[in-house]
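Biologist: I'm new to this one. Can you walk me through it?

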Amino acid sequence: MGLVSDLGIVYHMIFARSGGGSHGDRLEAFYRDQAGAYDDFRRRLLHGRQEMIEALEIPEGARLIDMGGGTGSNFEYLGDRRRLFQRITLVDLSPSLLKIADERIRQSGWDNVHTVHADATTYEPADGPVDVVTFSYSLTMIPDWFKAVDHAREILKPGGLIGVTDFYVSRKWPAPGGKRHSRFRRSFWPLWFGWDNVFLSPDHLPYLQSRFQTVKLEEQLGKMPYMLWLRAPYYIFVGRKV
């Protein structure tokens, strides 16, 4: 993948429209024409995924659900720890991304990983509560994100972990110890990402912290491809159901 591929992705993100229909229809319209080049570009755009996954305490025989897991590239960060899992489930609403995920699973020989075409706010694991639920840059694309967080808590075992990394903006007056973003960041980034139906929220972190015991929290700024000096705020959160 090179500059030409990147320009195609950037063009699609800026000019392609994905309005109307259901949430699943909008996601598929957005990703259909860029699915093939999805991973290379977003590897430079979506920061903190490896750090979030490495922070998860994984018991042997665990079951994990990755909500809005896209192409399944997140599982590469598990490395040899993938073998600790009894079952890993990738849930997504975009058939185009799931097709790439299925091919990655086949080529990698991941016999304990499978995909499901379903909604993160309603998906129920057939074999009961799970040990880990993750959201990697998917909460900002889920209209009812608070419902997705509540549902994740419902399907977690007591003591289970949630791992989230995503873009965000701080509240104007964050809780003590939290990062406070400038007025420019709080205004510019929601407008920029909102063009692609990615909705940054000042309420993600406060809500996650109210629903889970904090195990790990980092608030960072990440480079944006071709945006020179601009840095987008993102967070890494790992919490425990208590």
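Modeller: We'll go from the sheet to one aspartate and then to a pocket. Keep in mind that this is a predicted model.

Biologist: Sheet, then. What order do the seven strands have?

Modeller: The order is S3-S2-S1-S4-S5-S7-S6. The sheet is open, and its pairing is mixed.

Biologist: Which strands are at the edges?

Modeller: Strand S3 (113-117) and strand S6 (213-223). Each of them pairs on one side only.

Biologist: How much are neighbouring strands turned against each other?

Modeller: By 15° on average, with direction ignored.

Biologist: What holds strands of a sheet together in general?

Modeller: They pair through backbone hydrogen bonds, either parallel or antiparallel.

Biologist: And here, do S1 and S2 run parallel or antiparallel?

Modeller: Parallel. Six bridges join S2 to strand S1, which covers residues 62-67.

Biologist: Now helices. Which strands does helix H5 touch?

Modeller: S2 and S3. H5 spans residues 95-108 and packs on the sheet. Its direction makes about 165° with that of S3.

Biologist: And where does helix H6 lie?

Modeller: Helix H6, residues 145-155, lies across S1, strand S4 (130-136) and strand S5 (156-167). It runs at about 150° to S5.

Biologist: On to the aspartate. Where is Asp92 found?

Modeller: In strand S2, which covers residues 85-92.

Biologist: Is Asp92 buried or exposed?

Modeller: Buried, because its relative accessibility is 7% and the cut-off for buried is under 20%.

Biologist: What does its side chain reach? Start with Gly70: which atom, for Asp92?

Modeller: The backbone nitrogen of Gly70, at 2.8 Å from the Asp92 side chain. The Asp92 side chain also reaches the backbone nitrogen of Ser94, at 2.9 Å.

Biologist: Which residues does Asp92 touch, not counting those up to four places away in sequence?

Modeller: There is a glycine run, Gly68, Gly69 and Gly70. Asp92 also touches Leu97, Leu98, Val116, His117 and Ala118.

Biologist: Change of topic. How much space lies in the second largest pocket?

Modeller: About 230 Å³.

Biologist: How many residues line the second largest pocket, and which lie nearest its centre?

Modeller: The lining has 18 residues. Nearest the centre are Pro174, Ala175, Gly178, Pro206 and Gln209.

Biologist: Which element gives the largest share of that pocket's lining?

Modeller: H8, with three residues. Helix H8 (204-211) and S6 each supply at least two residues of the lining. S6 is also one of the edge strands of the sheet.

Conventions:
Residues numbered from 1 in each chain as written. Predicted model: local features only at pLDDT ≥ 70, side-chain atom pairs only at ≥ 80, totals over all residues. Heavy atoms only, no water. Helix = DSSP H or I, 4+ residues; strand = E, 2+ residues; numbered from the N terminus. Buried < 20%, exposed > 50% of the residue type's maximum accessible area, 1.4 Å probe, protein only. Polar contact = N/O pair within 3.5 Å; in protein donor to acceptor, adjacent residues only side chain to side chain. Contact = heavy atoms within 4.5 Å. Pairing = 2+ DSSP bridges. Axes fitted to C-alpha atoms, helices over the stretch in contact; angles between N-to-C directions. 1 Å grid on protein atoms, 1.4 Å probe; cavity = no way out; pocket = protein on both sides within 12 Å on 5 of 7 lines; lining within 4 Å. Points joined across faces, edges and corners; volume = space filled by probe spheres on them.
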